[in-house]
Amino acid sequence: MFIARFLARRLLQGALIVFLVSAVIFTLLRVVPGDPVRLMAGGMAPEALIEQIAEDMGLRDPIYQQFGRYVWGIVQGDLGQSFVRPASGAAVGGASFDDNTRSERAKVWDLIAQTAPMTVQLALLSMLFALIIAVPIGVWGGLRPGRFPDKLALYLSSLFVSLPNFWLGIVLALLLSVKLKLLPAIGYGGFAYTILPAIVLAIEIAPFIIRTLTVSVAGVMRENFIDIAAVRGLTRNQIIFRHALRNSSVPLLNLLGVQFSMLLGGVLVIEFIFDYPGLGLLTINAVMQRDFPLIQGIAIVTAAAFVLINIVVDLCATAIDPRLEY
């Protein structure tokens, strides 16, 4: 019964969040300077043709009417069609205005479905690398507060968080791809192309995991039930693995949920540097081409993913610690 009420409440909250995100994005795209119809028709298209296309597409209607039609399409499961991409998915902005492929524009759902698995793959691998790097350092530092492991965790966190991801991506690409030829760097031709950008993202995420674990483990180890466990005869390893790590996992779980949601939103800089065909690169191209439906679709899908991930995280946290209330 609790789960049913919890899901109903959170899904209603999530629907409101997605609606507000779509409304804000939709309005902002309509008020910023520039006309997407000119990109669609081409630079040499006559003004009369541009106005005719805009009228046919309803882009000259009041914003509230356009938004109403858009929301009705979302309710029916339709995110619309790209302004500038044909059904093949290629970017065709700037082509001649009489290009016949304009009549077969790609569906936003299809474009997102093609790139989302790539971003999910990158996000999962990044989280895995980050956990491999951060968990041993964070737990060790939390078990030795104020001593060398704790200071090492602090120094490494400070070092990692100080490295700009665009600079680190370029340096690692030059070193591991160009110089040592260990990993491919540009584009996507298989799973190996995900490793290098995942390493860059892992180094960016690791400091937050390290500090979260260091603080939470150190706090748990000062609790009374840890002393009671020692009196009961449990070994230090049993205390750490049965009690300390379990109770420290709730803050870590919340952090991982937020970080994973951000990664699914598309890591713009990293995907652009490595020309990685995920949601981030798709978003950059859509913004440069003023592809309103595609920008809106990406924003709605990522907002919905953020809501669902947070619901799952809260349920898992409640399963770990039943005392929590959401």
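This is a predicted model: local features need pLDDT of at least 70, side-chain atom pairs count only at pLDDT 80 or more; totals for chains, interfaces and linings use all residues.
**Aromatic pairs in a helical model**

Residues are numbered from 1 along each chain as its sequence is written, and side-chain values use heavy atoms, with hydrogens and water left out.

The secondary structure comprises 13 helices and two strands, taken as DSSP runs (H or I, at least four residues; E, at least two) numbered from the N terminus. The C-alpha atoms fill a box of roughly 85 × 60 × 30 Å along the principal axes.

Now the rings. The protein has seven aromatic pairs: Phe, Tyr or Trp (six-membered ring) with centres within 6.5 Å, stacked under 30 degrees between planes, edge-to-face over 60, tilted for the rest. F26 and Y70 make a tilted pair, 5.6 Å centre to centre with 35° between the planes. F26 lies in helix α1 (residues 2–31) and Y70 in helix α4 (residues 63–75), 44 residues apart. F26 is buried at 1% relative accessible area. Y70 is buried too, at 11%.

Y188 and Y276 pair edge-to-face because their planes stand at 90°, with centres 5.8 Å apart. Y188 sits in the loop between α7 (165–179) and α8 (192–221), Y276 in the loop between α11 (268–273) and α12 (279–288). Y188 is partly exposed at 34%; Y276 is buried at 0%.

F19, F26, F67 and Y70 form one aromatic cluster.

Methods:
Buried means under 20% relative accessible area, exposed over 50%, partly exposed in between (1.4 Å probe, protein chains only).
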